[in-house]
Amino acid sequence: RLTGVGQASIDAVVERWSLATLGGLVVLAFFVLRRFFVKQVVRLGSQATGRGALRLQTTLEAMAYTALAALPFYLGLLFTSWFLAGSSDEQSFTRAVTEALGRVGNVLLPLEFLRQLVRSHGVASAHFAWPDVAILPVRRTMRRSLFIALPLIFLWSLVDFELAGRDELIATARLLFIILMLVVSVIFTGLAHPRLGIPRDAFKSNTATLRLGWLWRPLVIVVPLVLAGLMAYGYGYSARQLTVSFYESIWIVVAATVLHGLAKRWLLISRRRMALEEMRAKAAAREQAEAPGVAAASGVELVEVNQLGVSEINEQTRRLIDAVLFVGVLMGLWWIWSPVLPALGFLEQVELWDLKAEDGTVTGVVTLASLVVAVPLVVLTVIVVRNTPGLLEAAVLRHLPLDTPTRYAITSLSSYLLAGLG
């Protein structure tokens, strides 16, 4: 069978040599440029450290180079899978190999991006200021995932795609899946260990998602074991579907953490700029008050640039960012798990009360699912309304030549508008 895959690869290259050459050169170029991308990340990381860093563009460029550094292996697997799939039969072993390579590539890409993100002098440490006690366990976990889990994923996927034609492989596929889930559970056990993994207080000032460590730490260990049990008892389809949902849930939380780091970086830069503007305004007002010819009783005062203090703006914006990301994670998890778990879908069948018109005609029904969705949105609306002034000041108003009364009017009207829309 391996000889057949090799022969099919050679035939595909000979048949479509121009496409193979072009794709190979593109993948090779990414591998050659990978070192350059990493060097750029390190260079931008050195620029981001220090109190004088006042540009968010530096962080955005570093994230772009991080993404580019994560692409070479993924592009190699993706191109190989796509290229061989075009020259293989639907039921052939070569098609199973291409499908397995594609699945491995889809798993590899986010893992490699996270590995590049937490590399030494990378975005996580230099730009997001993540503590080393959290970065080092994640770095070890990424290495284990790449060198242990990915080969198991390939083998299981290869056997799984062969099941359509060979029923005798069912036991082998189950065994590989169970081993894979056990490995995943062991990897997460190391990551969630309070001493060897991420400490419980590593992100004590981070998002509410990470502060719920008492919930997610046991879950990421137990869920793979439950999935392995389902597969062992013959519930293969359910185990596969739940595995996909579990995988997507993990990356929703990781994406929210990365977005929080980016928002926190923007907030830090905005705070530095506002503090610098206030210092310049105070200095200018002081010079004007002390200038010759200015009467002592003229009543010149040192006015603040912002209607809110810098620390208050920072606190309001931080609370708003945390709330938006936390509710976003909850909505994302609901979207992922509601089609899979019947209990969540059952909430749509629980009717609480009817919506009626003036003539008594029923125009709608409020279900328990609607209430579950509405409660987080109401909480989010309250948080947004209360913390809008800080966000507007940090993001918009400080860039405009407006006086204090005008800024206060804008923030008040914005709060009323958001409250009405909520």
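User: In which loop does His121 lie?
Analyst: This is a predicted model, in which local features need pLDDT of at least 70, side-chain atom pairs count only at pLDDT 80 or more, and totals for chains, interfaces and linings use all residues. Residues are numbered from 1 along each chain as its sequence is written, and side-chain values use heavy atoms, with hydrogens and water left out. Helices are DSSP runs (H or I, at least four residues) numbered from the N terminus, as are strands (E, at least two). On that numbering, His121 belongs to the loop between H5 and helix H6 (123-126).

User: Is His121 buried or exposed?
Analyst: The classes rest on relative accessible area: buried is under 20%, exposed is over 50%, and partly exposed is in between (1.4 Å probe, protein chains only). His121 has a relative accessible area of 52%. The residue is therefore exposed.

User: Which phi does Ala129 have?
Analyst: Ala129 is placed in the loop between H6 and H7, and at 56% relative accessibility Ala129 counts as exposed. Although Ala129 is not a glycine, its phi is positive, at about 60°.

User: How many salt bridges does a search of the whole structure find?
Analyst: A salt bridge requires a side-chain nitrogen of Lys or Arg within 4 Å of a carboxyl oxygen of Asp or Glu. For the whole structure, the number of salt bridges found is four.

User: How many residues apart in sequence are the parts tied together by Asp160 and Arg103?
Analyst: Asp160 is buried, because its relative accessibility is 14%, whereas Arg103 is partly exposed, with a relative accessible area of 25%. Asp160 lies in helix H7 (residues 132-162) and Arg103 in helix H5, so the parts that this pair ties together are apart in sequence by 57 residues.

User: Which helix gives the largest share of the nonpolar patch?
Analyst: A patch joins residues with over 30% relative accessible area and no salt bridge, like charges within 9 Å or nonpolar side chains (Val, Leu, Ile, Met, Phe, Trp, Tyr) within 5 Å. Leu25, Leu28, Phe31, Val32 and Phe73 form the nonpolar patch on the surface, with about 480 Å² of accessible area together (Shrake-Rupley method, 1.4 Å probe; for residues, only the protein chains shown count as cover). Four residues of the patch make up the largest share, and they come from helix H2 (residues 17-48).

User: How far apart are the end C-alpha atoms of helix H8?
Analyst: Several residues of H8 are buried, including Phe177, Met181 and Phe188. The expected span of a helix is 1.5 Å times one less than its number of residues. Helix H8 (residues 170-192) has 23 residues and should therefore span 33 Å, which agrees with the distance between its end C-alpha atoms, 33 Å.
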